[in-house]
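Here are a few exercises to work through with the model open beside you. Take them one at a time, and try each task before reading its solution.

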Amino acid sequence: MNLLIYIVYYVCVLLIVFISGIWLASIFGRGIFKDSKLVLSFLLGFLWLILVSSWSSFIGLTFERSSIYILGISIFLSLIALAWEIRTKNLSSWQPSKNIIMLVSLAFVSGIVILSPVLIFKAINLYNDAFTYLSISDYLLTHSYFDEARPDANSPWLTQMKLYQVMGYRMGSQFFLSLITAIFSRHFSLDLYISVLAIGQFMLVLAIWLFNKYVMKLSNVALTIIVLFTALHIGIPIQNTINAFFPQAYGMVIIVLVFTFMIIAYSNNTGRIQHILLSSISIAALVVTYSELVPFAFISMFAVLIYLLYKDKDIKSLLLKSSVIVLCAILLSNIALIKAFQAIKGQLSAVVGHHIDYTLWNYVQLILSLHPIMNDGSLYNKYPIINLILSFFTVLCVILIVIGFSRNKLSREFVILYCLSSSFLLMLFYFIFVAHNPWNTAVRGHSWNIYKTVQYLFVLVPSFVGSGIMFFYYKSGITRKLTYLLGLTFISLNMMLTYYFDYVNTSPVRSYTGNKVNPLNEYYKLYEMLKNEKRPINIIVPDNLNTHTNVLSYILRDHILVSDWSKVPSINHMLAPNDRTPELRKDAVTLIYKPNSQSGAASMEILQDNVHVDIVSGVHSLEQNKEHKWYWSSGDIHIKTINTLDVKKTLSLTFIVWLPPTIKDSKDIEILYKNNLINKINIQPNVPNPININIPIDAGEGSITLKYLGEVVKVGGDPRQLGFSLVDFHYSIKN
């Protein structure tokens, strides 16, 4: 696929969203929003398409059927709105100011940053949660939400839709992706995936600008700082989006809009109905898209409501507005609200993620995006001087932000900001001091939830940063120059870190597919290679590459697939027990994992001789020189055999065995097939021991064990435990 197509898709989806929101911006872009209709059109089009796509799927329509109607109705309503604007001579209100042009331009660039992995390295990391979201989106192309997914041993990709149907998990981003995929008539959501991810980052920049302009009422200087900080922030929003935290990326956009519209609805008596409806629309979209953030939004807005009740004494009006907002939001979110309660209830008892041992200092640097903690901070471990420089800038930034922010008057806007922060701070207090760590139950501190809560809190961080740095910008002399230096450092650093992160984050794709030039294309190549294949497909992949298996099951979803799904965590738990380990089909094409295959694709090759042998465990990494290739064992070596024929075959194994140089006595190795002793071989020290053995293997799967009867040792400074070396391992079929 031409890489420029991703930019074309990105631009086209932005246009679809913008056009879909024109009619809403025309209705709601009055009063205080009259100068921001362009921005509103993007944001409201975004909310509208999420909600209307959810409604269409809930009522039983597929996106292949409904997408043309959704797009057509959206365009029709916007044309009517534009005609009305022309008739009332109000079209000039759509003319963007220089600030709006700069805002949209920076938001567009921010979206391009999301595309950078595929533009630079021709790859995206499909091995986190992408498999789930792509599978669900593809399912919705031809099914509605309530069409029950029925995964079985031959359709593993359906487990993802089944999981979300059973658990009631959030679906807004998947609805949106499926809608866009259907509009462009693509077979795979993967084609649009990275471009649709970029839409979320674009919207986040606009949403945070809108909040700080109309709620915080900050100056243009502060808004510029905030927009730059958000648009290039690799630490949280960009890193999360590229890492495929798809619903979270969209959810963080929408919670900012919830805060914005609700506070304006509470604070303004003019245009009350318009602000109430905007609040309801944004809440409904949040319920549909990312229910995890609903409790945060509720607690934050409850704190704001308490403050305003105390401050304004207008109890009747505020309670009435709250009631109407909630009622309208319930009506707009409908079924999704019931599912959200179901999902939240299930998530309260679930253990997800993994242990993250970040310190407070790590989190400060992460939030400021001056030292994003990713992949064990390998860049900084290699170059300690970089760590030292960034630590200096971190301390400097914290001092400037704290001093600058503290000089602001305790205005109504800043009290509201503190109230909005309350939910995140309360959750952090709970997860740090009350909740137990599920990975170490002897201590408190649920590290994964701390990590996620800090990410959620990010939506308010730009307000603190912008208002803090702004104070020094207005000073003369060295402090103002210092703000320019910080700005240039931030921009340069985050561009460099984004490149580095893209490289590291896409390295698994290069490794798994065996293609370092255009790794993403390998999966499309595999699809084309087998597109016309009518037979079932056996998939044989090493156990430690289960995420690669996920993508294979997605890209080959049109076929009957057979594999050992019990080794794939994201698939096996939604399959019936008897579907997790199906027998390989004798009438099938068999795909085996063969790195750097010249005749296959994505490191998968069609098995030609119907027998496959694979070393599955008990060895350290492969080593080689110009003459030999070898593994050092860590004890016993376990080998899997697969015979796709109905008859026994004789397997001939040839290899050379060496003992570690510190071993002075001979040792024995037993060769077992299916735990039955085939041969016992005596291995002499300090000399090569060539082995050639024939083993009759049954049809189907079997196992060979090279059982080492000696002790494992360490040699010199090598930290590994070594048993024996397996040199130049080869196999062939004798009959």
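Two strands are said to pair if DSSP finds at least two bridges between them. Keep that cut-off in mind for the first exercise, and remember that the model is predicted.

**Exercise 1. Work out the strand order of the open sheet, and find which strands lie at its edges.**

Step 1. Start with β3 and β5 (residues 589-593), which are joined by four bridges in the parallel sense. The cut-off is at least two bridges, so these strands count as a pair.

Step 2. For a landmark in this pairing, go to I539, which faces L591 of β5.

Step 3. Now extend the order to four strands: it reads β4-β3-β5-β6, in an open sheet with mixed pairing. The edges belong to β4 (561-562) and β6 (604-606), each of which pairs on one side only.

**Exercise 2. Describe the largest cavity: what is its volume, and which residues lie closest to its centre?**

Step 1. Begin with the count, which is seven cavities of 30 Å³ or more.

Step 2. Turn to the largest cavity, which holds about 140 Å³ of space. Its lining has 15 residues, and those closest to the centre are V541, D543, S563, D564 and K640.

Step 3. Trace the lining back to the fold: β3 (537-540), α24 (546-555) and β9 (629-643) each contribute at least two residues.

Step 4. Sort the lining of the largest cavity by class, and you get seven nonpolar, three polar and five charged residues.

**Exercise 3. Locate the nonpolar surface patch formed by V11, L15, I19, I75 and L79, and find which elements give two or more residues to it.**

Step 1. Select the five side chains; together they have about 380 Å² of accessible area.

Step 2. Assign them to elements: α1 (4-28) and α3 (63-87) each give two or more residues. I75, for instance, sits in helix α3.

Step 3. Finally, name the main contributor: α1 gives the most to the patch, with three residues.

How values were computed: Residues numbered from 1 in each chain as written. Predicted model: local features only at pLDDT ≥ 70, side-chain atom pairs only at ≥ 80, totals over all residues. Heavy atoms only, no water. 1 Å grid on protein atoms, 1.4 Å probe; cavity = no way out; pocket = protein on both sides within 12 Å on 5 of 7 lines; lining within 4 Å. Points joined across faces, edges and corners; volume = space filled by probe spheres on them. Nonpolar A, V, L, I, M, F, W, Y, C, P; charged D, E, K, R; others polar. Patch = residues over 30% accessible without salt bridge, like charges linked within 9 Å, V, L, I, M, F, W, Y side chains within 5 Å. Areas by Shrake-Rupley, 256 points an atom, 1.4 Å probe, with all protein chains shown as cover. Salt bridge = Lys/Arg side-chain N within 4 Å of Asp/Glu carboxyl O.
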